[in-house]
Structures are given as structure tokens and as C-alpha cells.
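Hi there,

Here is the structure we talked about handing over. Please open it next to this email and follow along.

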Amino acid sequence: MTSKLRIFLFLVLAYCGATQAFAVNGIVTSGKIDPLPIAITPFIAAAGTENDSATISGIIASDLARSGYFNPLPPESFIEQIGSFDQSPNFASWQQVKTQALVIGQVSQSGGRMTVAFKLYDVNTQAFLAGSSFTAPPKFSRRLAHKVADMIYNKITGFAPYFDTRVVYVDESGPKNARVKKLAMMDQDGFNPRTLTSGNEILLTPRFSPNTQEITYAAIGTEASRVYLYNIDTGQKEIVGDFPNMSFAPRFSPDGQKVVMSLQSDDGRNANIFEMDLRSKQMRQVTDVPAINTAPSYSPDGTRITFESDRGGSQQVYVMNADGSNQNRVSFGKGRYSTPVWSPDGKYIAFTKQGESKFAIGVMAPDGSGERILTEGFHNEGPTWSPNSRVVMFFRDQPGESGGPQLYSVDITGYNEQKVPTPEFSSDPAWSPLLK
Amino acid sequence: MLKRSLFIVALLMSAAVMPAHADDLSNRVDALEEQIRQLTGQMEQLNFQLKQLQAQPAQKMGAIAPPVPAQPQQQAVLPLPKKKLPAPQATVQATQQAAQGVETIEETPVLPTMKAAQMPAAQPQQAGVAPGPTTLGAMANNAAQANDGAFQGQVLVAPGSDDTAAVSQDQAALTQPATLEPETPDDLFLRSEKALLQLQYGDAESGFKEFISKYPEHNLAGSAEFKLGETYYAQQNYADAAKSYMASYKQYPKGRRAPDSLLKLGLSLSRLGQKDQACATIGSVDSEFPNAVEIKKRAQAEFKRAGC
């Protein structure tokens, strides 16, 4: 294998078994957790909000159901009809329909702004658990619903919210031998998808900034790969450093002030990890090993970086201090490990694992212990974490001429695998932090 | 497949440009590097096995075993109890404050007895309306009495319920002023930036000014000064623009916007007819920010355009 080919193999994780048929197996689609029965009553609609009201109840139910922890009961089964937000629920009737939680809500509009209010009750203890109202312009009605679902999810599971988030990904259209790849963004449930770039370049590894309105990505235009910053609001893009050699696999630091990425060496044989301070434009070399060191991802406190390297003969996951000291391999299972991503809570590293013609998505502790495979099959790649570190999204490619990559999500227990709908084929997702 | 064809094309390209005489040397270096990698890998494996062996007596393991798949700790919370919903395990984690440039949604707590008529305006909760305990039986009665817009916060305790602590905690969460906090610095910055993008210069100007006076130490303060300059520049108010760019550059010389500020200061001076100063300023971008390649390129172009 020539040195230049090695770089490209790392740039785009190669899949050797792409041409052979391989039965997808090992996918667990059912959860062993009993989802909590919850009754989400149709939200009461003020005049002019009838359509929104039905949609909003539906979005809340859909969010909670997709999380795998809730079982929203069909409204047809409800005995009591809630006709007013002020109505005190008849808990006996709700116990009869065997729900454990009850949500009543209301949608109203005033001064060009929409307000969605809800109350959450524990049916068995008859306790009022939570209530809130959220207000925004009506075009953000889906976000209002996500906020309500987030609060219910948090109150009952204790996990931090994640429904009101977005996902940036690569939209892939056209035939397999001439795919057009565009930067795209959507809500986490697949709604409001939109493409952000024209598709003149081959787009790779888009990543959200943690605290601004920017995305960093690598793109292969007419020449080599380059790293860019893209502003979602203005549509402006700027190159991150104009290096003579390829730059790729960028990711923001947790404070959003730096971008860490790989730069190809002058002789083209290797790649090392560099960090650029976006304010001073100063570059700092983090690794200096004659190998391909790439896919860097910071720990949430910014003190450490996980990355992949083939310095030991095959791709493996390493962890080092952010200054480049103390570089240690942490993956020692059978196979090759790549695309490590540190979870937002700092407890796990998600990775792609390749072995025996299968591609798996897994998680392990930052010291490499406790490896757990979440899903495996013909081709799975590119994990990204929900901001509450509970869900991993990734893409799965299908063999054959008509096949293409699509996005999926799975709980970190390995259960509740769900397809994330996108208009075209889609790859390389990256989850945003929670919106405000 | 595009990925495959991509690197195959790259391979062919690289092979085509590589001179024949370099092949031998290149192959030998490749082989040596490959050997080093194999040795490194073996060493890593040996170290790992050694660590496992050392850990063995403590763990009383019979053999070196691969890491045991573990269920995440959080699963202990689930499955959910049949009879009673669990008390919240944690309050909402400090959410990453993602200023995503989208509408920030206002949140107002809803109390159990809050009337529909009180909802739409999303009024902040009145301070000092301390909820007092009541019984569930009194709820309907209280609800009926609730009137004229005032909150009637109640801690609901079911008779004989042992849920007091949990419910009180929820109520405390509801009365927390977290959602009623004034606009965050990030929000203010984004709102002002949005106003600038929508050409609402008055709003943008007052927003950025407010930001600079309120949060001079914030890491966006330099950007706010720069954006204030942009607000003036867009209105062809080059004198004020120059002042703002100058402030951004002088006060935050290591700020992310420092190179842009210096360049735009030069451009503003140029528009004001101060050619010599403009040329000197634009010319200094090169020496001040040797690594700011994009800005340097632009500065060189502007240097020519300004007739320096």
C-alpha cells in the first residue's frame, strides 16, 4: 500500500466488504425496558391554533415514544376528555386506562407568539409532577413541543433533555458512482431538513461548534481536502488555515475557540494532529508520530483528546493529554477501531469497530474498559452523541447499486434502534448541543 | 462506493506524478515504517497483557479476559416502578448553552392550579408568592377560587402520601428563577447579530453597545466591538466604524476578530480619504498576523485597490 493511499484510507474509512453481500445481524430492535405508559391528552386549542394543537400533542408523543422509555397510549382509549386546562383530572378514570403518567396541555396564541403549556401528573399518587409554558413565534411550534417533551422526559427518567436539538449531516443524492454530497441540517427527529451547500465539493465530517452558530467540516474540492468553518446564519464559509497539504477530520474544542484536525505531512506519508486557535490563528502540533493520526475528539473538560492512529500497524483508539503528552492506546479488542468520539458527560468513548467483514458501533470507558457493542452489520460508521449522552446516532450503508447510507440512532444500552428519516441518503451525522 | 472510487482516483493520480527513480527509496521507507508500526503494535499488546496480568490477582480472574460488556449505570433507574413514578434522579443538568442562532424559547413555570387565562402572556412568576401545602381534596375548590391573574402556587400532598419530599422538590424546581433570568450575554450577542443581518441597524447598534458596556470581559466582547463597527460600516458611517474597529483591535489584540478589525479599520480610513493612514494600517496586517492567511490575502488585495 502506498503512503498516499494510506492517507485516503483514513480520510474515508474504507470498507473492504462493500461488494460482498452480508446479512445484517446482531441488530437488536426491541428494548428490554418496559416503557412507561403515559396518556398525552389532546392539547386544548385556543381559536386559530386547532391544527397546531393536534400536531404538538403528536410531536410530544412521538418524541417520548422514540426515546424508548415511554409508551404513549392511544387517545381513543381515554375515558375522560379534558376540555379545559383548568380541569382537575379524574384520576380514577386514568388509573382505569392503565396509564402511570398524565399530561394535559393547551396551545394559545397572542401578539404573534405561540404559547404551549402543560401539566404532568403521576396518576397513582395523584401528584402534580411538573408544569411549564413555553413561548416563541408560531413557526417554532415544533420546538415548543420538543421543549415540553424534554421536560416530561427529564422529570420521569432523570436524564437530561435532548429532543430540542438539531443534527448536521452529509446529504447524499444521485447515483452511487456520482454521488453529490451536501452539508445538511435537520431537527433530531428528522423534520425540517435543509441543505446548506451546493454540492460542488465532496463534503466530509461536519461538526457543530459547541456554543456558536458554526459548523466545521472537511471538503475535497478540485484539489486536496481542506477544513472549513461555515456560519449557519450567514452562509459564509472560511478556510481554516491555508495549508499546502491536505487537512481533514476537524472538530471544535469544548469552548469553541479552537479547531483540532489532521494535517498531512510534507512527504504525504503520514498525518498528525494539530490544533488551531481561531482567534490568534496560531497552529500547535499535538502529535508527532510517523503514522496516520486522525479523528481527534476532546474530552468535555478539554483536558484530553481521543484519536485514532495506525502507529501500531492497524487503526486503534488512543487517548492523550490535550498538550500531546501521555499518548496511550486504549482499544485492545479484536479488530480495528476508528472514529472515536468522547461523550458529552465524559464517561464514554463511542467508536467504529471493524473486523470479520462487519462494522460495529460501540462504546467503552475512556481507559478502554467495559467495551460494549451497540450495533453491528454490513457497514456502520461515524457515531455521534446526543447532548445528554444517552443516544448514539450513526450511519449505516447498504450493499448493492441501489443502496446508500442512512442515519440511525440507538440507546447506549444497545436497545431501541431507530431509523432517522432523511429525504435523501445521508451520512456522517453530528448532534448539536441542546437549543435554548 | 463514491468513497472507494475517490481514493482509487487519488491513488492513480499520485502514482502518475511520482517519478520512477523515487519509487525504490519510497518503497524502502514505506517498508521500514511498516516494520516500526508492527513493532509498536506488538509492544502495545505486550504492555496491555502485562497490565492485565498485574491486575489479575486483585480481580481473581482465571485468565486474561476481554473487557466484559457492562450495562451503563443509568439503567439502574429503569425499569420504572409500577406503582409510583420515581422521584427525579437529578435536576436538569446545566444545559450546554448553545447559542444556535435560532429563536430562544421563553419558559414560564405552570403551577397546578394555574388558570388557562393566565397562560398566554407567559408572565414571570411573582416573587414572594410562596406556595403553601394543601391537600388534594381542596384542589378543585382552590381552582375554582383562583382568579384575576395571580398565581396560586400550591404544594400538593396527597393525604397519607409519603411523596412529600419529592413533590416539594418538584415545586422548588418550578419556583426556581432559572427560566426567568435576564437575557444571557450569548443571547444578547446573537440577537444583535441577527438584527445586523436583517439590516435593522438601530437594534444592532444598541444591542452591541449594551453588550460591550455590560460584558467587557466576555470572550465575545472583541467580536461585539467588531460587529458594532460592521453596523456602522454597512451604513457608510466610516468615522464611527473606524472607532469601533480600532477599539476592537486595541482592546482585544489577541481576539478572534483582531485581524479583521485591523483590516476593516484600514478600509474605513480609506473610505474617509485618509490614504496614508489607510495604507499603513492595511500594510500592517501582514506583519501583525503572519498566520492569518485569508485575511492577509484580502489585505494584499485591498492594499492594491486603495492605490497604496
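First, some ground rules. This is a predicted model, in which local features need pLDDT of at least 70, side-chain atom pairs count only at pLDDT 80 or more, and totals for chains, interfaces and linings use all residues. Residues are numbered from 1 along each chain as its sequence is written, while chains are lettered from A and ligands numbered from 1 in the order in which they are written.

**The two chains**

Chain A has four helices and 30 strands. Chain B has 11 helices and three strands. Helices (H or I, at least four residues) and strands (E, at least two) are DSSP runs, numbered from the N terminus. Along its sequence, chain B reads α-α-β-β-α-β-α-α-α-α-α-α-α-α.

Of the 436 residues in chain A, 58% are buried; of the 308 in chain B, 30% are buried. Buried here is a count: 20 or more other C-beta atoms lie within 10 Å of the residue's own, with 12 or fewer called exposed, the range in between partly exposed, and C-beta atoms placed from the backbone.

For contacts between residues at least 6 apart in sequence, 46% in chain A join residues at least 24 apart, and in chain B the figure is 49%. Two residues are in contact if their C-beta atoms, placed from the backbone, lie within 7 Å.

**A helix pair in chain A**

Helix H2 (residues 50–67) and helix H4 (residues 141–157) of chain A pack at about 45 degrees, and their axes are 9 Å apart. That angle makes H2(A) oblique to H4(A). Axes are lines fitted to C-alpha atoms, for helices over the stretch in contact, and angles run from 0 to 180 degrees between N-to-C directions. Under 35 degrees counts as roughly parallel, over 145 as roughly antiparallel, 65 to 115 as roughly perpendicular, and the rest as oblique.

The H2(A)–H4(A) crossing is right-handed; that is the name if the near helix is turned clockwise from the far one by less than a right angle, and left-handed if anticlockwise. On the H2(A) side the contact includes A:Ile56, A:Ile59 and A:Ile60, and on the H4(A) side it includes A:Leu144, A:Val148 and A:Ile152. The residues of this contact divide into 10 nonpolar, four polar and three charged.

**Helices in chain B**

H9 (residues 258–271) and H10 (residues 275–288) of chain B pack at about 165 degrees, with axes 7 Å apart. This makes H9(B) roughly antiparallel to H10(B), and their crossing is left-handed. Among the residues that meet are B:Leu262, B:Leu265 and B:Leu269 from H9(B), and B:Ala278, B:Ile282 and B:Val285 from H10(B). The contact of H9(B) with H10(B) comprises eight nonpolar, five polar and two charged residues.

H5(B) (residues 185–197) has 13 residues and reaches 18 Å from its first C-alpha to its last, close to the 18 Å expected at 1.5 Å a residue. The expected span is 1.5 Å times one less than the number of residues. Buried residues in H5(B) include B:Leu188, B:Phe189, B:Arg191 and B:Glu193. They pack against H6 (201–214) and H7 (221–234) of chain B. Just after H5(B), B:Leu199 takes a positive phi of about 65 degrees.

H7(B) is mostly covered, with 12 of its 14 residues buried. B:Phe226, B:Lys227 and B:Glu230 are among them. The cover includes H5, H6, H8 (238–251) and H9 of chain B. The end C-alpha atoms of H7(B) are 20 Å apart, which agrees with the 20 Å its 14 residues should span. Just after H7(B), B:Gln236 has a positive phi of about 60 degrees.

A:Ala249 has a phi near 55 degrees, a positive value in a residue other than glycine. A:Ala249 sits in strand S14 (residues 247–252) and is buried, with 27 other C-beta atoms within 10 Å.

A:Asp428 also has a positive phi, near 50 degrees. A:Asp428 lies in strand S30 (residues 425–431) and counts as buried, with 25 C-beta neighbours inside 10 Å.

Best wishes

Conventions. Ala, Val, Leu, Ile, Met, Phe, Trp, Tyr, Cys and Pro count as nonpolar, Asp, Glu, Lys and Arg as charged, and the others, Gly among them, as polar.
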